[in-house]
Amino acid sequence: MTLDLHTIAVFSVVEFSGVAAGALAGALEARRERKYQYDLVGVLGLALITALGGGITRDVLIQKGPPLAFMDLRYMLVAFGAGIVALLFGSSAGPRVLRVIWIADAASLGFFSVAGVSRALNAGLPVLAALILGLITAVGGGSLRDVVMGRTPRVFEKGEPYTIAALLAVLVFLVGDRLGWDRSISTTAGAASGLVLKLLAARFKWNTPAVGFHAE
Amino acid sequence: MTLDLHTIAVFSVVEFSGVAAGALAGALEARRERKYQYDLVGVLGLALITALGGGITRDVLIQKGPPLAFMDLRYMLVAFGAGIVALLFGSSAGPRVLRVIWIADAASLGFFSVAGVSRALNAGLPVLAALILGLITAVGGGSLRDVVMGRTPRVFEKGEPYTIAALLAVLVFLVGDRLGWDRSISTTAGAASGLVLKLLAARFKWNTPAVGFHAE
Amino acid sequence: MTLDLHTIAVFSVVEFSGVAAGALAGALEARRERKYQYDLVGVLGLALITALGGGITRDVLIQKGPPLAFMDLRYMLVAFGAGIVALLFGSSAGPRVLRVIWIADAASLGFFSVAGVSRALNAGLPVLAALILGLITAVGGGSLRDVVMGRTPRVFEKGEPYTIAALLAVLVFLVGDRLGWDRSISTTAGAASGLVLKLLAARFKWNTPAVGFHAE
């Protein structure tokens with residue numbers, strides 16, 4: 001694996017856009033909540049949980065030292081900064097801002113999944129476990145936020161195929177890796193597949209159906 | 001401790017029946033849920049959380065490397081397979097199927113508690129901490145599932161003496177261990193005690209009472 | 001850092017009063033709950049989670065071995081003992097008892113934050129991460145209890161400036177540490193600042209405001 005400086009720069013932009021998008025989405029969700037009335041601490045706390053919770057959960061499960069988000073402070077600073085922005089300017093966030101957040105989140109979804117898989121594989125975990133840890137990296141933060149807000153994770157409910165897009169990204173990456181592609185290629189291909197699936201699903205309203213008895 | 005191959009085989013059957021029972025119970029619970037409408041990802045996710053969440057929590061707390069359920073893939077494959085079965089055939093699960101799941105779960109309850117205690121003792125934890133970790137192994141998966149589904153853990157509520165059966169199993173195991181019994185004997189005795197208590201409690205409707213003020 | 005025996009004794013009294021206060025508060029909260037009817041296991045479980053959950057979460061995130069609360073049994077015994085007391089005598093807990101619990105909790109809030117920061121710094125984490133881990137130590141147990149009881153953490157909602165008092169304690173401690181104060185001094189100053197802020201906030205009804213859109 002050789003990553004030239006240009007690739008690293010592109011990946012960093014994608015990654016930290018994703019962290020910022022997660023924090024913004026979490027903070028705006030907290031501000032929009034009607035059941036609980038969150039204060040400053042709640043909004044910032046939920047911003048951090050949404051942005052960093054997935055990677056922290058992954059690192060706690062892998063157990064090779066403190067979570068990356070605690071050792072490399074850029075994660076916390078970006079998440080914290082985005083949370084502050086949402087606190088200060090969140091009340092004027094119109095549909096266009098939400099759209100930008102949605103796209104940054106969609107673009108980073110696959111990237112986070114692939115980053116999670118790589119990290120788990122590097123730590124010596126078997127492929128199936130790495131795959132699960134990739135999905136946890138991608139959807140864990142939002143899910144933790146949902147549970148902390150007193151509801152079930154949205155990614156478990158019928159609707160947008162969020163986890164399936166993350167799974168596609170992971171599978172494309174793993175196939176590319178197996179085929180001996182350079183890791184910058186397989187990472188890009190994986191992340192792009194996830195993004196494309198999310199865009200197609202939004203465009204053509206592909207939704208996962210409920211599988212409960214009550215839906216039969 | 002000498003476990004002959006026959007004992008190991010019996011223990012494996014009990015253990016993986018328990019994993020399968022947990023996954024089936026979790027998936028069926030998700031399908032039966034009325035407040036949220038789970039999709040395929042939700043049903044499989046809740047199956048994995050129910051089946052593996054207790055052991056994973058234990059291993060994260062013990063901190064001797066990645067959880068067993070991530071390193072020994074049989075756990076994940078059995079849980080995943082049972083989740084798929086519940087997805088495909090769950091809608092025709094009648095009272096007889098639920099009864100089989102109940103028995104497999106009851107038979108494995110004590111076994112999981114004892115396995116959790118052993119693992120914690122082997123990692124050098126004190127007996128009281130090991131006892132708590134044994135209970136977490138046994139009831140943690142179902143409790144995590146309950147919280148992820150937006151409710152309090154059922155094992156904390158009045159009713160079936162689930163945790164008390166797990167506690168009995170642990171105590172019998174620890175006494176046997178202290179008396180120098182072979183570990184296959186003390187494990188079997190512990191697991192059997194838990195099962196017998198659950199069967200008696202179901203037969204004679206022994207329930208734990210509420211201790212809240214509102215119940216006074 | 002030199003802690004004489006007298007200082008260690010004072011710190012231990014503050015710390016274990018705090019553990020007991022957390023367990024009492026958790027158990028009484030469980031007994032007072034109306035949505036769920038907790039049994040003996042639920043009340044004791046919620047007492048342990050409230051008292052020890054913050055420190056355990058911190059230690060799981062720091063990843064330097066099993067949580068302190070599992071290795072030093074005094075934590076578990078104090079929490080367990082306080083839980084039993086709340087079970088036996090909780091129904092006669094009047095406003096005076098609740099007031100004593102409130103004060104023990106307020107006195108220990110800053111202490112726990114500072115203890116959490118110290119432990120994280122000793123483990124080699126950067127200051128910002130240590131600060132967050134200090135706050136998690138102080139407010140994590142109560143928050144975990146809230147989530148397990150099916151609601152959002154109270155420290156995230158408008159009202160008492162609980163987390164802000166913990167943050168003040170941490171900042172005073174870090175400034176003192178940077179100025180080269182003896183750690184027993186900076187710990188005491190930090191913990192005292194948190195207590196004073198909590199007392200002033202209660203006296204003058206300083207509350208954090210909601211920042212949600214619905215509050216605008």
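**Chain A and what surrounds it**

Among the contacts in chain A between residues at least 6 apart in sequence, 72% link residues at least 24 apart; a contact here means two C-beta atoms, placed from the backbone, within 7 Å. This is a predicted model, so local features need pLDDT of at least 70 and side-chain atom pairs count only at pLDDT 80 or more, while totals for chains, interfaces and linings use all residues. Residues are numbered from 1 along each chain as its sequence is written, with chains lettered from A and ligands numbered from 1 in the order in which they are written.

Chain A has eight helices and zero strands, and from its N terminus the order reads α-α-α-α-α-α-α-α. Helices (H or I, at least four residues) and strands (E, at least two) are DSSP runs, numbered from the N terminus. The C-alpha trace of chain A spans about 50 × 50 × 35 Å along its principal axes. Of its 216 residues, 57% count as buried, meaning 20 or more other C-beta atoms within 10 Å of a residue's own, against 12 or fewer for exposed and anything in between for partly exposed.

One residue links the story of chain B back to chain A. Leu73(B) sits in helix α4 (residues 73-89) of chain B. Its contacts, leaving aside neighbours within four places in sequence, are Pro126(A) and Leu128(A). Leu73(B) is partly exposed because 14 other C-beta atoms lie within 10 Å.

Arg58(B) belongs to helix α2 (residues 40-62) of chain B. It has 28 C-beta neighbours inside 10 Å and therefore counts as buried. Beyond the neighbours within four places in sequence, Arg58(B) contacts Gly116(B), Arg119(B), Leu133(B), Ile136(B), Thr137(B) and Gly140(B). Met149(B), by comparison, is 91 residues from Arg58(B) in sequence and 21 Å away in space, C-alpha to C-alpha.

In chain B, the axes of helix α1 (residues 5-32) and helix α5 (residues 95-122) come within 8 Å and cross at roughly 125°; axes are lines fitted to C-alpha atoms, for helices over the stretch in contact, with angles from 0 to 180 degrees between N-to-C directions. That makes α1(B) oblique to α5(B), a label for what is left once angles under 35 degrees are called roughly parallel, over 145 roughly antiparallel and 65 to 115 roughly perpendicular. The residues in this contact include Val14(B), Ser17(B) and Ala21(B) of α1(B), along with Ala104(B), Ser108(B) and Phe111(B) of α5(B). The contact of α1(B) with α5(B) has 10 nonpolar, four polar and two charged residues.

In chain C, the axes of helix α1 (residues 5-32) and α2(C) come within 7 Å, crossing at roughly 140°. α1(C) and α2(C) are therefore oblique to each other. Among the residues that make this contact are Gly22(C), Gly26(C) and Ala30(C) of α1(C) and Val43(C), Leu46(C) and Thr50(C) of α2(C). Their contact divides into 11 nonpolar, four polar and two charged residues.

Finally, a backbone detail. Gln63(B) has a positive phi of about 55° although it is not a glycine, and it lies in the loop between α2 and α3 (68-71) of chain B. Gln63(B) counts as partly exposed because it has 18 C-beta neighbours inside 10 Å. In chain C, Gln63(C) has a positive phi near 55° and lies in the loop between α2 and α3 (68-71) of that chain. With 18 C-beta neighbours inside 10 Å, Gln63(C) counts as partly exposed.

Key. Nonpolar A, V, L, I, M, F, W, Y, C, P; charged D, E, K, R; others polar.
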